Amino acid sequence: MLRVWSDILMAADVQQVTLLAMLDLSAAFDCVDHTILLQRLQLGTGLTDVVLQWISSFLSERTQQVAYNGEQSTIQLLLFGVPQGNVLGPLLYVLYTAEQPELSSVVAQHQLRLHNVRG
């Protein structure tokens with residue numbers, strides 16, 4: 001974060017415009033659209049038939065419930081997201097985002113500077 005602050009101050013010293021955009025991917029796994037993921041797996045990787053059905057089954061009919069202060073919410077069907085805490089979840093997320101341009105290439109295309117700050 002110190003590096004970001006230093007770059008902002010240096011840019012201000014030479015009267016350059018500074019724009020700070022922050023991207024939080026902490027909930028990215030929860031935003032994966034199952035239909036789009038299955039289409040990308042089929043078209044992008046060539047998965048078909050039994051394998052595609054297995055992955056569809058892995059994603060479908062998942063539910064969640066929240067418990068707070070001794071109370072429980074109603075059970076909700078999950079229409080988006082890949083399961084976390086297993087080997088397949090991160091792999092499915094990477095395959096889901098594989099067709100998207102990398103953030104670093106978009107930044108470089110516009111001649112901007114990218115800082116990777118992990119919290």
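The side chains of Arg3 and Asp7 meet in a salt bridge, 3.4 Å from N to O. A salt bridge here is a side-chain nitrogen of Lys or Arg within 4 Å of a carboxyl oxygen of Asp or Glu. A search of the whole structure finds 1 such bridge. This is a predicted model: local features need pLDDT of at least 70, side-chain atom pairs count only at pLDDT 80 or more, and totals for chains, interfaces and linings use all residues. Residues are numbered from 1 along each chain as its sequence is written, and side-chain values use heavy atoms, with hydrogens and water left out.

**The salt bridge pair**
- Arg3 and Asp7 are 4 residues apart in helix H1, so about one helical turn separates them.
- Arg3 counts as exposed, at 53% relative accessibility.
- Asp7 counts as buried, at 12% relative accessibility.
- Buried means under 20% relative accessible area, exposed means over 50%, and partly exposed lies in between (1.4 Å probe, protein chains only).

**Overall layout**
- The chain holds 5 helices and 4 strands.
- Read from the N terminus, the order of elements is α-α-α-β-β-β-β-α-α.
- Helices (H or I, at least four residues) and strands (E, at least two) are DSSP runs, numbered from the N terminus.
- Of the 119 residues in the chain, 20% are buried.
- Among contacts with a separation of 6 or more, 55% join residues 24 or more positions apart.
- A contact means heavy atoms within 4.5 Å.
- The chain exposes about 9800 Å², and carbon and sulfur atoms supply 57% of that area.
- Accessible areas come from the Shrake-Rupley method with a 1.4 Å probe; for residues, only the protein chains shown count as cover.

**Helix H1 (2–13)**
- The 12 residues of H1 should span 16 Å at 1.5 Å a residue, and its end C-alpha atoms are 17 Å apart, which agrees.
- The expected span is 1.5 Å times one less than the number of residues.
- Val4, Asp7 and Ala11 are buried in H1.
- These three cover an arc of only 65° around the axis, which puts them on the same side of H1.
- The arc is that of the directions from the helix axis to the C-beta atoms.
- Leu2, Trp5 and Asp13 are exposed on the other side of H1.

**Helix H2 (34–45)**
- H2 has 12 residues and reaches 16 Å from its first C-alpha to its last, close to the 16 Å expected at 1.5 Å a residue.
- His34, Leu37, Leu38, Arg40 and Leu41 are the buried residues of H2.
- They cover an arc of only 160° around the axis, so they sit on the same side of H2.
- The face turned away from that buried side carries the exposed residues Thr35, Leu43 and Gly44.
- Cover for the buried residues of H2 includes helix H3 (49–59) and helix H4 (88–97).

- Leu88, Gly89, Leu92, Tyr93 and Tyr96 are buried in H4.
- Seen down the axis of H4, the buried residues fall within an arc of 135°, so they line one face of the helix.
- The buried residues of H4 pack against H2 and H3.
- Val82 lies in the loop between strand S4 (76–77) and H4.
- Val82 is buried, with a relative accessible area of 5%.
- Not counting residues up to four places away in sequence, Val82 touches Phe29, Val32, Leu37, Leu59, Gly89, Leu92 and Tyr93.
- Val82 and Leu92 are 10 residues apart in sequence and 7.2 Å apart in space, C-alpha to C-alpha.

**Loops with positive phi**
- Gln15 is not a glycine, yet it has a positive phi of about 55°.
- Gln15 is in the loop between H1 and H2, and it counts as exposed at 76% relative accessibility.
- Glu61 also has a positive phi of about 55° although it is not a glycine.
- Glu61 is in the loop between H3 and strand S1 (63–64), and it is exposed, with a relative accessible area of 72%.

**Nonpolar surface patch**
- Met1, Leu20 and Met22 form a nonpolar patch on the surface, with about 390 Å² of accessible area together.
- Patches are made of residues with over 30% relative accessible area and no salt bridge; like charges are joined within 9 Å, nonpolar side chains (Val, Leu, Ile, Met, Phe, Trp, Tyr) within 5 Å.
- Met22 lies in the loop between H1 and H2.
- Met22 is exposed, with a relative accessible area of 68%.
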